[in-house]
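Good morning, and thank you for coming.

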Amino acid sequence: MKQFIAFVRKEFFHIFRDRRTMLILLGMPVVQIILFGFAITTEVKNVRVAILDPSNDVVTRRIIDRLDASEYFSVTTNLNTPDEVEKSFRRGDIDLAVIFSEQFANHVYTGDACVQLVADATDPNTATTQTGYAANIISSAGREMLPEGMQVSTIVPEVKLLYNPQMKSAYNFVPGVMGLILMLICAMMTSISIVREKETGTMEILLVSPVKPLFIILAKAVPYFVLSFVNLTTILLLSVYVLDVPVAGSLFWLIVVSLLFIFVSLALGLLISSVTRTQVAAMLASGLILMMPTMLLSGMIFPIESMPLLLQGISAVLPARWYIQAVRKLMIEGVDISLVLTEVSILAVMAVALITISFKKFKNRLE
């Protein structure tokens, strides 16, 4: 029994001495419960609403005030013409548009009042939730405006879903899966490949060759760049011909943005390889640390607007977030490249920053 207790104590000492093991055992559950608790939510919050109100009467103003007072919606834009609705969606300025008919107040009492809710259905679940919440608020406000004795609301919102009227879930998850697959394959395989050379001792042999270290690292990354392009081609072909998700925008710019994201992911894998010593550590860093935030915080599954500000800040530094947004705009919405410049610029800055930090750290490790 004493020997058994001694072995148990020895194992505890081994675990306590290994900080990485302690971090996984005690730190990972805390991170997971916080992320899953705050990021995973089916509620919608901070929905940016645009109003087109040609009537501008007491009833429409009452409904608009009720929407703006709700914790779910924020009225940010007033539109003047119907043409501005889709332009606002394409620019990414709004999430929902509410369109009232003319002489709305008069039509409320005759049963002819018309309200149209226009939502971006590239994410079908979020669009359904948004329009459902808005319809309930509008119907409730309409009942309050009815004369005494009328018990049935005459305001029944009409719902219009842009870009995905069939409500196909593939329109939502294809861009997210593209970001997840390319991120994991590029980052994980690049980091493991370079760390394997260090672990087996062959990196020193490569470094004494006439080739400069910079070109050695680039040579290790080029095959994964080519293979990632093959994966990208396969994903696009399956999406279009198997899942029936069309490429509504420019295929050329979609490929260019994807290649930029692949380069960012390769640079991230290079950074991971410069700070890890073993293949297991590289796999944990690139697999677990990248996969969970990419799935939960990139907007792939859950809307970013519904997350706390802290998690929104973390989401802003994830390359997959900006890539998924760009793919949704180019592939699903069919917008021009000029409306994706924000996402492209952020990915370009990330690429330059990551490759600079990676080579600097790698050079320091060599010295």
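Two strands are said to pair if DSSP finds at least two bridges between them. The strands themselves, like the helices, are DSSP runs numbered from the N terminus, with at least two residues (E) for a strand and at least four (H or I) for a helix. By that rule, strand β4, residues 115-120, pairs with β5 in the parallel sense over five bridges. Within this pair, leucine 117 stands opposite valine 159 in β5.

A word on the source: this is a predicted model, in which local features need pLDDT of at least 70, side-chain atom pairs count only at pLDDT 80 or more, and totals for chains, interfaces and linings use all residues. Residues are numbered from 1 along each chain as its sequence is written, and side-chain values use heavy atoms, with hydrogens and water left out.

Let us turn to the whole sheet. It is open, has five strands in the order β2-β1-β3-β4-β5, and its pairing is mixed. The edges are formed by β2 (73-79) and β5 (158-162); each has a single partner strand, so one side of each is left without a neighbour in the sheet.

Next, strand β1. It runs parallel to β2, and six bridges join the two. Alanine 50 stands opposite threonine 77 in β2. Five of the six residues of β1 are buried (under 20% relative accessible area, with exposed meaning over 50% and partly exposed in between, for a 1.4 Å probe and protein chains only), so β1 is largely enclosed by the rest of the structure.

Isoleucine 99 belongs to strand β3, residues 96-100. Is isoleucine 99 buried or exposed? Isoleucine 99 is buried, with a relative accessible area of 17%.

Finally, the largest pocket. On a 1 Å grid over the protein atoms alone, a pocket is an open set of points where a 1.4 Å probe fits, with protein on both sides within 12 Å along at least five of seven lines; lining residues have an atom within 4 Å of a point. The largest pocket has 31 lining residues, and Arg48, Asp95, Asp120, Glu305 and Gln325 lie nearest its centre. Helix α13 gives the largest share of this lining, seven residues.
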